[in-house]
There are 2 protein chains.
Amino acid sequence: MKVLDFYRKRSGELAHLKSVLAGLAWDQEVMMPRAGAEHRARQRAALAEVVHEKLTDPALVDALETLLPETLEPRGWAGVRELKRQVEKAVRVPKSLVAELASVTALAYEQWVRARAENDFPGFAPWLRRIVELKRREADCLNLFALRYDSLLDEFELGARASWIGDSFSVLRPALTRLLERIDGASASGEKLVLDGDYPTEEQRSFGMEVLSAMGFDWSAGRVDISPHPFCVGISPRDVRLTTRYTDRNFTRALFGMIHEAGHGLYEQGLDAEEYGLPTCEAVSLGIHESQSRLWENQVARSRPFWTHWYPRLKEVFPGRLDHFSLDRFLLAINRVEPTPIRVEADEVTYGLHIILRFEIECDLIGDRLDVESLPEVWSRKMEEYLGIRPRNDTEGVLQDTHWSQGLVGYFPTYLLGNLYAAQLMDRAREDLPRMDESLARGEMSELTGWLRDHVHRPGRTEDADGLIRRLTGEPMRTEPFLNYLDVKYSELYGL
Amino acid sequence: MKVLDFYRKRSGELAHLKSVLAGLAWDQEVMMPRAGAEHRARQRAALAEVVHEKLTDPALVDALETLLPETLEPRGWAGVRELKRQVEKAVRVPKSLVAELASVTALAYEQWVRARAENDFPGFAPWLRRIVELKRREADCLNLFALRYDSLLDEFELGARASWIGDSFSVLRPALTRLLERIDGASASGEKLVLDGDYPTEEQRSFGMEVLSAMGFDWSAGRVDISPHPFCVGISPRDVRLTTRYTDRNFTRALFGMIHEAGHGLYEQGLDAEEYGLPTCEAVSLGIHESQSRLWENQVARSRPFWTHWYPRLKEVFPGRLDHFSLDRFLLAINRVEPTPIRVEADEVTYGLHIILRFEIECDLIGDRLDVESLPEVWSRKMEEYLGIRPRNDTEGVLQDTHWSQGLVGYFPTYLLGNLYAAQLMDRAREDLPRMDESLARGEMSELTGWLRDHVHRPGRTEDADGLIRRLTGEPMRTEPFLNYLDVKYSELYGL
């Protein structure tokens, strides 16, 4: 019993200290004065070292060895197994590398902000090169799988492998390209549908909050702020923070961004706070996390039923500015398919192509088959090949995303996995909730939120993504539900 | 040399982790959703435990024993001596008490917010009782001085003792009361001088920021937000955060609050970031810290020279609302002497009486001569005796300040010490800067900021408060300069 108490206490401490790191990252992007960056890097490094020390503490390693599945109930064992996995990984990575990664990425993030603003890839390249080197070293230290990339991927999508992700992506790429060509050929795709106008930030914000409230987001346990790259961080299930960014010319970016992040936020708020520190209060994987944001952003908030209720309300909030748009034309406008160089502005059809490009590039970077200097050229070439466009500059190209600057390599594929999972989960939810579209058309979303809470959020990480998808759909991850969803949706919209 | 490296690394780690704790406290008061409080309490407890572990680590204790004054240059020795002092104190307080204090105070803060809003002292009393008990235990563990209160006071005002503070306060109390009576008797004191009107928050904020910029506050290394109880936290010299609170009816509270906190903020920004982790990058004491905020808020920003420049600008920002106030009447209005139950709204004459009351009460609480239940009654009785008024309820009385809810016992006297130090420092600055008032009247404050930076901020904690005051004035702490300053100022204002 003493060993079990020690394990539980340490497990809780680690979770709390990691959540402090999450809060420091939020603060850095949302609140911190810019000059604070160097100090923040040192704070993060100091804390990352503490976490690493506590995780690799010989007393913990010994304690975990005496805790065996036969002596614990299943939930208890799941927690021990998960911590053992983390300890095993932590033991393999030297403390100095952990501290260096924490410190370099905190500084590199600031450099990325500057480089993106100034379109200065050469200025950022040395930072990225250093990060890629550190991540290669990290992967080699971890050495969990034959493929270096898989050791990094494991951190974000437990159980996933580059090989089968690559297989699925090679099915998706031509299928998405074909659909893109069919839409290009449709008569409706030629129409000019520009929603631009004057949409004051304050109204955008309050309309977004109204939608999020209807989704079930709990404002006593969350907030929404502004940051250049929208994100969601769950400091605890009772403290979940979203960000978005506003432009007065267009409300769609901020709105869909808020709904997307609130999809993540509902997942975090839906976890069982009583289980904090245990896998049962953690998300299954980033892919499953992304399934929640995509499901809300795309499957729900770009659908006809959703706007049947919300479009009149939107017109009230922005009187006069949408009068020339019928619901049908509005739906076409928010679902417009058109290749753009910017991932976060991409439509549902081309989005996957952005991810496939990044996945291929980061596999090659980590696998030493590509160097940082060539990135802008490789990026442009692939953009041309997959999307038929070239970015005008690096800010629109390789500098657009923050991930690599923060050391997040192996993260991008989870976005597309999220789309695939979302389609599978939504198909399943519709079976259980046959009147879902009617509810959505009345502005009622609590039924869907409740279903997700019961089946996806509340169980936490009692299984991996494959286990969750199999439990709910009886099948493994598949590409067909997503491709079907796109086909039905765009056939109807564009009369294909 | 190895020992010295270890000491330096640990010293830096400790400073960084403590600054994370400071950031968590800022976030809790300014940003955190209310439901996050329980988790925040656990985060703070976990981190406080880590700090305590690192401070009491036998390897550090051993290392410090081998570092001696004769082997180090003076600044290096000052750092070692300071850390030794901290280690000695930390070793005396059990880790469990540290964690309990961190956790209880984080929760009690939330209870105080609620209790103050709902005027519910009985609901808060059990929390305060628990805190007083824990602080008594802490003082007994520390056992630095014969008097329990002195062991707590030492944390905020190194070198101070309740006995000599009490002696000074017993000189101040009758002197302040006499001045109050003289002002009451003056004809000008009967005049109605109400600045209330309609002052939108946004204009208040931008005017305040304009003043702070002129004071030299660096916005690239700081920010200002809103919180119920204004404060300043220096996460590092490059990340200094102020708060204030706005009411549309009156701009004075937010403005003087901002200037006060910016006085603290300039001190934090003026410390030497290169020395981070060493006493040379720390404030001397809370009393000296408060001297900086008081000096700016009162000696500068309630003076005629200051408003000679800023009053026309203020009238521009709020057109029409101050037309009926000449500069003379405006100065009378912002320096109006009138007993109020609320400390943070008190004028310069009665402010000290609020502090003397709190100092006496907390001495008695910690000394076991007073229990929490009797607080409201004792509070009212002393208010009547010292200020001639009684609070209408506990929100206006014992619940008004956050300090005790956060475990800050021994903190209050530093506010009044700050007033005394401010007067001594300002007298000295005027000797060096004979044209200061002319500069202020032109809106130029950089001369004064520069003087403070060179003589007070930049040296950091290379001496204690007594050392600093003696170095700059050639005398110890004295009450006369403050009483003289008040006498001259109010004699002129009220024609006494």
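Analyst: Two strands pair if DSSP finds at least two bridges between them. Let's apply that to this predicted model.

User: Happy to! What makes β1(B) and β3(B) a pair?

Analyst: Five bridges join β1(B) to β3 (residues 239–244) of chain B. The cut-off is at least two bridges, so the two strands count as paired. They run parallel, and in β3(B) the bridge partner of B:Asp225 is B:Thr243.

User: Why are β1 and β2 of chain B said to stand at the edges?

Analyst: The open sheet has three strands in the order β1-β3-β2, with mixed pairing. β1 (222–226) and β2 (232–236) each have a single partner strand, so one side of each lacks a neighbour in the sheet. From one strand to the next, the twist averages 20°.

User: How do α11(A) and α16(A) pack?

Analyst: Their axes are 7 Å apart, at an angle of about 65°, and the crossing is right-handed. Residues in the contact include A:Gly287 and A:Leu295 of α11(A), and A:Tyr415 and A:Met426 of α16(A). Altogether the contact has 10 nonpolar, eight polar and two charged residues.

Notes
Residues numbered from 1 in each chain as written. Chains lettered and ligands numbered in written order. Predicted model: local features only at pLDDT ≥ 70, side-chain atom pairs only at ≥ 80, totals over all residues. Heavy atoms only, no water. Axes fitted to C-alpha atoms, helices over the stretch in contact; angles between N-to-C directions. Helix = DSSP H or I, 4+ residues; strand = E, 2+ residues; numbered from the N terminus. Left-handed = near helix turned anticlockwise from the far one by under 90°. Contact = heavy atoms within 4.5 Å. Nonpolar A, V, L, I, M, F, W, Y, C, P; charged D, E, K, R; others polar.
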